[in-house]
Amino acid sequence: KMAEKSFKYIILGGGVSAGYAAKEFASQGVKPGELAVISKEAVAPYERPALSKGYLFPEGAARLPGFHCCVGSGGEKLLPESYKQKGIELILRTEIVKADLAAKSLVSAAGDVFKYETLIIATGSTVLRLTDFGVKGADSKNILYLREIDDADKVVEAIQAKKGGKAVVVGGGYIGLELSAALRINNFDVTMVFPEPWCMPRLFTADIAAFYETYYTNKGVKIIKGTVASGFTAHPNGEVNEVQLKDGRSLEADIVIVGVGAKPLTALFKGQVEEDKGGIKTDAFFKTSVPDVYAVGDVATFPLKMYGDMRRVEHVDHSRKSAEQAVKAIKAAEGGGAVEEYDYLPFFYSRSFDLSWQFYGDNVGDSVLFGDSNPSNPKPRFGAYWVQDGKVVGAFMEGGSGDENKALAKVAKARPAAESLDDLTKEGISFAAKI
Ligand code: FAD
């Protein structure tokens, strides 16, 4: 007979948002048995960005329990046993396959039923797969993706099995850039392939990208732009051995890593809740159109107050903050109170090789570069501003110090007027530091 369990609160998902929501519930106080976290993963919530960085180091690699939430923001580390100690039920290896928001119930793949009073949807994203686009041979062995810890373990296994071999990385976003670096550090012969004219095109300008592409090339990473992987061939044992490109070239490969984007996991709720821009529509407290149902992290399309529009943000800082906001709003409402509206300043970052960049704000309007963006310098330190309607709206820096990165955040938040683009270039980070 299938089990039925009831909780006051259920967090659906076991990723970054789930971990930070659990932490906030715990700090506000939950009674034993009130809260459950349900995840299809086998491990307690962890800081997902580690999977494409420290997890893949050839030496001293990051491993759980080292990066469980909420260490990424300097918060308390919630080990699997911490959930128990705090009276939170952590239900792992459990995929929810059916959600009935009207009946307030979830059903797992094993047929267990979970009832809730309040639901927080924190299902995150799933990777886009080349098999979804019908790319020939895309189901060959050692064509790998990276989203969850199981995926990362497969990458580690392949790195060990194919030591010093050839890797092709498909995609020029942050996953592509971080994985290319990780494979290179592991002594692979690495080629990146992406269709756009430069890497990280959704954020980087041509100037910023030129720095990273030259830096990577100097590290021995080959970069092929303006084409896509159109097919794969495999050895008789099923393992990939060649990537065909649309421009007619082909590349040998022992491992292929694909990072071509992600889509939010909203399918369980289709037709039951209002959507917007591909995500679940929420208000400034992450409440959805359905009473007692909240959505946070990658799946939420929320009002970005500063810019007066609705956005979906697939980055870790927002997944943490939206989760905290939702729990604070839930708890405040129970006490008859309210919290301030979410007022998010977009923040993204990435790290690879010895590089580390941060970006705050909006990358719209004209942009200017400042500082020393010579990729051959041992300590590159440069940045960029985006200026719209005479105001600085976005700020980026590679190699910034803690204080400089704080200044980036301040300038993007304050949106000061900029006299001229030339002055910004000359003043560089000191413009932001004055704010
Ligand atoms: P997730 O963390 O993806 O968690 C979703 C959880 O829900 C997962 O545990 C999943 O298994 C579970 N789940 C989904 N559906 C079901 C179901 N039906 N039943 C049960 N469980 C389910 N952002 C940055 O800003 N900087 C970075 O450097 C950076 N690096 C990244 C590196 C990698 C490899 C990846 C994949 C992402 C990275 N991100 C980074 C993005 C960031 O990690 C995400 O934005 C963040 O994890 C989103 O949090 P979330 O809780 O919404 O989703």
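Author: Helices (H or I, at least four residues) and strands (E, at least two) are DSSP runs, numbered from the N terminus. The model is predicted: local features need pLDDT of at least 70, side-chain atom pairs count only at pLDDT 80 or more, and totals for chains, interfaces and linings use all residues. Residue numbers start from 1 along each chain as its sequence is written.

Reader: In which loop is cysteine 70 found?

Author: The peptide bond from cysteine 69 to cysteine 70 is cis, with omega near 15 degrees. Most peptide bonds are trans. As for its place, cysteine 70 belongs to the loop between strand 2 and helix 2.

Reader: Which residue is joined to proline 65 by a cis peptide bond?

Author: Proline 65 lies in the loop between strand 2 and helix 2. Its cis bond has an omega of about 10 degrees, and the partner is leucine 64.

Reader: Which residues come nearest to the ligand?

Author: The shell around the ligand has 36 residues, where a residue is near a molecule if its C-beta atom, placed from the backbone, lies within 6 Å of it. Helix 1 (16–28), helix 6 (316–334) and strand 22 (347–352) are the elements that give two or more residues to this shell. Those that come nearest are Gly13, Gly15, Ser17, Gly124 and Gly297.

Reader: How many charged residues does the shell around the ligand have?

Author: Ala, Val, Leu, Ile, Met, Phe, Trp, Tyr, Cys and Pro count as nonpolar, Asp, Glu, Lys and Arg as charged, and the others, Gly among them, as polar. The shell has 14 nonpolar and 13 polar residues, and the number of charged residues is nine.

Reader: How many of the 13 residues of helix 1 are buried?

Author: A residue is buried if 20 or more other C-beta atoms, placed from the backbone, lie within 10 Å of its own, exposed if 12 or fewer, and partly exposed in between. Among the buried residues of helix 1 are Val16, Ser17, Lys23 and Glu24. Helix 1 is largely enclosed by the rest of the structure, because its buried residues number ten.

Reader: Which elements do the buried residues of helix 1 pack against?

Author: The end C-alpha atoms of helix 1 are 19 Å apart, which agrees with the 18 Å that its 13 residues should span at 1.5 Å a residue, a helix's expected span being 1.5 Å times one less than its number of residues. After the helix comes glycine 29, with a positive phi near 95 degrees. The packing partners of its buried residues are strand 1 (4–12), strand 2 (35–38), helix 2 (80–85), strand 3 (88–91), strand 6 (113–121) and helix 6.

Reader: Which residues does alanine 21 touch?

Author: Alanine 21 is one of the buried residues of helix 1. Two residues are in contact if their C-beta atoms, placed from the backbone, lie within 7 Å. Not counting residues up to four places away in sequence, alanine 21 touches Ile11, Ile120, Ala122, Val296, Ala323, Ala326 and Val327.

Reader: What separates the C-alpha atoms of valine 299 and isoleucine 121?

Author: Valine 299 is in the loop between strand 19 (293–295) and strand 20 (300–304). It is buried, with 29 other C-beta atoms within 10 Å. Beyond four places in sequence, its contacts include Ile121, Pro264 and Ile280. Although valine 299 and isoleucine 121 are 178 residues apart along the chain, the separation of their C-alpha atoms is 7.9 Å.

Reader: Is aspartate 292 buried or partly exposed?

Author: Phi of aspartate 292 is positive, near 65 degrees. Aspartate 292 lies in the loop between strand 18 and strand 19. Because 15 C-beta neighbours lie inside 10 Å, aspartate 292 counts as partly exposed.
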